[in-house]
Amino acid sequence: MRKERNAASAVSDKNPKGTGYWGVLLRCAAYQGNHPWLRDTSCITSPIAAFALAAICEMSSNFNKSIGNDMRQIVSLAELKELVGQEVAVSDWLEIKQERINLFAQASGDHQWIHVDPERCRKESPYGTPIAHGFLTLSLLPTMLQASIAFPPCKLAVNYGLNRVRFPAPVPVDHRVRGRMLLQSVEEVTGGMQMVWQVTVECEGSDKPVCVAELILRHYI
């Protein structure tokens, strides 16, 4: 234990301001793991802190890979502003199972039979099967964004509201949905920035989108 401490101290003494091995390790994590906020390692003087941060970067990168989608990395507000008017990302497909619909019915209090009664749906529904609540589909928008886009670090992210929402088509149970994210606008607000995203949710096998919404997000720095 004493030898390990001496070795760590030597590394820290010989490589002040993160310019030695540990600084290089963090900069590699910054570029390879897409963590640009670590590219300035001048404040890292402790090898233990550097190792911990590098481990966090590795875990974060592995998590991004595990969700099966190459996340779009946005490193700054300036880069974000350049993306206005463009489709920035497309989320992975997400299957809507009956269990999820039932849980949403319990959370929202909306137990209408077209959502939760498969037997009656087979006999009476024009869709022949249960369909997801429109607001269940809408509630997935923040998750789709978070799983598809890595934003610059912020202290607090807030769903600020919606400008417009439409549900042009239903989502039948056991079907998959995904979101297309187009950035409509970015503006600076007190303490942070406000973004308006047009999210178009597609359903496998449907010619029409199942949800089109203008989602307002605020990130406070």
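Is Phe135 buried or exposed, and at what relative accessibility? I looked this up and found that Phe135 counts as exposed at 56% relative accessibility, where buried means under 20% relative accessible area, exposed over 50% and partly exposed in between, with a 1.4 Å probe and protein chains only.

I note that this is a predicted model, in which local features need pLDDT of at least 70, side-chain atom pairs count only at pLDDT 80 or more, and totals for chains, interfaces and linings use all residues. Residues are numbered from 1 along each chain as its sequence is written, and side-chain values use heavy atoms, with hydrogens and water left out.

Phe135 and Phe167 form an edge-to-face pair, 5.8 Å centre to centre with 70 degrees between the planes. Phe167 is partly exposed, at 35% relative accessibility.

Phe151 and Trp197 also pair edge-to-face, at 6.0 Å centre to centre and 75 degrees between the planes. Both Phe151 and Trp197 are buried.

I also checked for a charge over a ring (NZ of Lys or CZ of Arg within 6 Å of the ring centre and within 35 degrees of the ring normal), and found the charged end of Arg218 over the ring of Tyr160, 3.8 Å from its centre.

How values were computed. Rings of Phe, Tyr and Trp (its six-membered ring) pair if their centres lie within 6.5 Å; planes under 30 degrees apart count as stacked, over 60 as edge-to-face and the rest as tilted.
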